[in-house]
Amino acid sequence: MGIKENQQLIVFMHLSQLFNLFSGFLGFIIPLVIWQSKKKDTYDLDVHGKAIINFQISLLILTICYFPLVLFLGIGLIGLCILLLVSLAFPVLNAVRSSAGSLPNYPILYEFVD
């Protein structure tokens, strides 16, 4: 069976990151499962999946780094607020981009998964 194009699945994968607001971890698990199970079957899903997982890992690391700053300096609260806005805005923006057939563009991204 050949590779199919499935924009709805890619859009859902980007938007599924918003589940972090309710669960704290499903926004990482859902895209990871979709990416691992469908990356060979769906056109461009591998690129989107890697970007999402790298973005989620980057957010996690930055959040862990900001927590001590909140407790000791209070300035980390500003950083956490910025991370919250970024974690809300970029999945939505990239869902819109992917529905138009564009590749994802996430900030603060280190390539943990290549």
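The model is predicted, with local features requiring pLDDT of at least 70 and side-chain atom pairs pLDDT 80 or more, while totals for chains, interfaces and linings use all residues. Residues are numbered from 1 along each chain as its sequence is written, and side-chain values use heavy atoms, without hydrogens and water.

- Helices are DSSP runs (H or I, at least four residues), numbered from the N terminus.
- Within α1, the buried positions are Q7, L9, I10, V11, M13 and H14.
- The axes of α1 (residues 7-15) and α5 (residues 76-99) come within 8 Å and cross at roughly 170°; α1 is therefore roughly antiparallel to α5 (an angle over 145 degrees).
- Q7, I10, V11, H14 and L15 of α1 meet P91, V92, N94, A95, S98 and S99 of α5, contact meaning heavy atoms within 4.5 Å.
- This contact of α1 with α5 comprises 6 nonpolar, 5 polar and no charged residues.

**The largest pocket**

- The largest pocket has a volume of about 440 Å³, taken as the space filled by probe spheres set on the grid points.
- Its lining has 17 residues, with N20, G24, Q56, L59 and T63 nearest the centre.
- Two or more lining residues come from each of α2 (20-23), α4 (45-72) and α5.
- The lining of the largest pocket has 11 nonpolar, 6 polar and no charged residues.

Terms used. Axes are lines fitted to C-alpha atoms, for helices over the stretch in contact, and angles run from 0 to 180 degrees between N-to-C directions. Angles under 35 degrees count as roughly parallel, over 145 as roughly antiparallel, 65 to 115 as roughly perpendicular and the rest as oblique. Ala, Val, Leu, Ile, Met, Phe, Trp, Tyr, Cys and Pro count as nonpolar, Asp, Glu, Lys and Arg as charged, and the others, Gly among them, as polar. On a 1 Å grid over the protein atoms alone, a cavity is a set of points where a 1.4 Å probe fits but cannot get out, and a pocket is an open set with protein on both sides within 12 Å along at least five of seven lines; lining residues have an atom within 4 Å of a point. Buried means under 20% relative accessible area, exposed over 50%, partly exposed in between (1.4 Å probe, protein chains only).
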